[in-house]
Amino acid sequence: RPNPTRPNPTRPNPTRPNPESPKNPTRSKPAASSTSVVINEVLANATKDNEEFVEIMNTGKDDVNVTGWKLFNKKEGKPQKDADGDGGKEDNNANENVYEFGGSKCKNTSSIAAGSKLLLVKGEECSFTFDLKRRDSLTLQSSNGSLVDRVSWTKSDALSDISYGRLPDGEGQFNLSQMTPGEVNKALEAEEALLAEPKPKRRKPRTEPRSP
């Protein structure tokens, strides 16, 4: 499976956060409609060989300026109860789970070209740092606070090194999919799909009460 930190060199690389990259000379238009930009693929359960990532795609025909947009996995501004585990009062650290696009040091995340993808790998420079849990959600919000896209998943959707992505790529519903950071989303192979099927729960044998 491809490693999200190393996209396949035989295919065009997606836009990736790079503070040293020159500013895109193409003048991007403000988002007239939020429907052209979508959360396209999420890897929420990565093993030690990979990193969690989020892929954002511009499915439209025009570049979209995403400066000031936000990506977060909980309600923005809501304090997290005892986040530091000290048993004290609520910690108002809501911004720790909010990633903001653009900025003077991360100009390469300020716009997404038409038909292109922006790959955010957890922990990389100019990317998000919060954890994605196996039962979680992601919200993409524009600079004026309007909802752009949102996806939620459960434990059965967050299997080890298996993505949760749109099929067909960029437009379909979310399904378990191959890990394809920056590339076209692909359905699971037959063997992978078989392994991903939920296993039936084992019932504990009933024990009859002992007779006196």
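Q: Which residues are in contact with Phe101, leaving aside its neighbours within four places in sequence?
A: Contact means heavy atoms within 4.5 Å. By that cut-off, Phe101 is in contact with Ile56, Val66, Thr67, Gly68, Trp69, Lys70, Leu71, Thr109, Leu118, Leu120 and Leu140. This is a predicted model, in which local features need pLDDT of at least 70 and side-chain atom pairs pLDDT 80 or more, while totals for chains, interfaces and linings use all residues. Residues are numbered from 1 along each chain as its sequence is written, and side-chain values use heavy atoms, without hydrogens and water.

Q: What makes the set of residues around Ile39, Phe101 and Leu138 a nonpolar core?
A: A nonpolar core is a set of buried Ala, Val, Leu, Ile, Met, Phe, Trp, Tyr and Cys residues joined through side-chain atoms within 4.5 Å. The largest such set here has 26 residues, and Ile39, Phe101 and Leu138 have the most contacts inside it. Among the elements giving it two or more residues are strand 2 (37-43) and strand 9 (136-141). A second, separate core has 5 residues, including Leu43 and Met179.

Q: Why is strand 11 called largely enclosed?
A: Buried means under 20% relative accessible area, exposed over 50%, partly exposed in between (1.4 Å probe, protein chains only). In strand 11 (residues 163-167), 4 of the 5 residues are buried, so the rest of the structure largely encloses this strand.

Q: How do you know that strand 11 pairs with strand 12?
A: Strands (E, at least two residues) are DSSP runs, numbered from the N terminus, and two of them pair if DSSP finds at least two bridges between them. Strand 11 and strand 12 (residues 173-177) have 5 bridges and are antiparallel, so they pair. Leu167 stands opposite Gln173.
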